[in-house]
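My notes follow, in the order I looked things up.

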Amino acid sequence: MLRRAGPSLRHFLLERNCSAGYSSCSSEAKMSRPVQARRLEGVDKNIWVEFVKLAATYSTVNLGQGFPDFPPPDFLKEEFTRAFSGEKHMLHQYTRAFGHPPLVKILAQLFGKLLGRDLDPMTNVMVTVGAYQALFCCFQAFVDEGDEVIIIEPFFDCYEPMVKMAGGTPVFIPLRPKAPKDGKLMSSADWKLDPAELASKFSERTKAIVLNSPNNPLGKVFSREELELIADLCVKHDVLCISDEVYEWLVYDGKEHVRIASLRGMWDRTVSIGSAGKTFSVTGWKVGWTVGPNRLLQHIRTVHQNSVYHCATAAQEVVAQGFQREFEHYGKPDSYFVQMPKEMQQKRDQLVQSLVAVGMKPIVPEGTYFLVADISEFKSDVPDVPNSDEPYDSRFAKWMVKNKGLAAIPLSAFYCGPHKNNYNSFIRFCFAKEEATLKAADDILQKWKLEKTTP
Ligand code: PMP
Ligand code: GLN
């Protein structure tokens, strides 16, 4: 209304607001009561907004936010060019709300094969604007005031605010590290749930558990036994599982990615979430999906149709072609899903070597494109500030990007408020980077180490 009003009506409305007791009459009408909704309380800070800006300002080598700096596979780039080359002009228009038909069809085919069941593309699959929106839809669809949602720490940061915005209460359970014997490097597999502690978190109020395997930030790939433990508790307490599997193809050392939806009693209570960004190294396309039973997906569709409605048609078309290609090459040596983890494992090993050489102890990840490292040896360069509200690792990461030009993410970003200081001597690096970028990171670390050791 105000936007359409001419100058005199606008002036009149501003004056009326002033005389009605609203706070400021300077240039814009302001309200004296809080304008923000209850849902926004305490969720205004976002680690990515903060650290992406720092990296853009100071970094020469950015191993912070998780995205590849190498190109996507050629077959996908070719499909991209084809999609925009002219003949398929309807790709510039709206498509089906819950997913472009070619994409939901191929996703149903592929995940049907992986889960060992027939999937209906129209009811068992829904496309979202990245896995981020899939997560948001799940929490909005299933979580009510008073519901509890179990979150495994360390966790991808958005789970906590999304649960809170839906009115729910996050309940945290930590992965606890156990140092390996014989001076070996720690592995993400050394971080485990305590079964009794996990069981104690389930109550009558528990609506859902969020599982993220392979896990961001540790790179932990939950074993079948660990998943069975979670699955048994879900079945026993009639709890839903929101399974974030965006790194499903990034698993190393011959480890197996087990889909929790494939375990006994879990299909009917699980929503599996994936991301084309991670699958095909195209994080900017923001294409994600949910796979699950219609009894759950129908509610996700309701949130989606009343918020985003649909994801960019052309991006969905290209991702569909990419999956079609991968479906035909499934398990073959030239499949991207076979080649990519091999290449990424080499990059992981290269970064592990760099970090070991300078004394930052890496936790070797079994999956994802992240690696968490212990920075204790470098603490003398960034002395602690007693009683600071900011966790040490956060100050360390900020100091590092400003003084060394190397960007990383503090591990505390993946813990809830009261637990942020539990493990505050670790930072997360992303190794989905070109050889030259990893080499540049190595140069920075070597030089830093030399400066430390040269009197
Ligand atoms: N889940 C996890 C664990 C992630 O690391 C990310 C980050 N990309 C997402 C979900 C969101 O994925 P997308 O970029 O497809 O929205
Ligand atoms: N998933 C990516 C990471 O963990 C990006 C997160 C984001 O930008 N929100 O780095």
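I started with ligand 1: helix α5, residues 130-142, gives the most to its shell, with 3 residues. Helices here are DSSP runs of H or I with at least four residues, strands are E runs of at least two, and both are numbered from the N terminus.

Before going on, I noted that this is a predicted model, where local features need pLDDT of at least 70, side-chain atom pairs count only at pLDDT 80 or more, and totals for chains, interfaces and linings use all residues. Residues are numbered from 1 along each chain as its sequence is written, and chains are lettered from A and ligands numbered from 1 in the order in which they are written.

Back to the shell. I found 14 residues around ligand 1, with G130, A131, Y132, F156 and S275 the closest; a residue counts as near if its C-beta atom, placed from the backbone, lies within 6 Å.

Then I checked how enclosed α5 is. Of its 13 residues, 11 are buried, so the rest of the structure largely encloses this helix. Buried means 20 or more other C-beta atoms within 10 Å of the residue's own, exposed means 12 or fewer, and partly exposed is in between, with C-beta atoms placed from the backbone. Among the buried ones I listed G130, A131, L135 and F142.

Next, H89, in the loop between α3 (74-84) and α4 (101-115). H89 counts as exposed because it has 8 C-beta neighbours inside 10 Å. I also looked up its C-alpha separation from I152: 45 Å, at 63 residues apart along the chain.

Last, ligand 2: I found W48, Q65, G66 and N216 around it.
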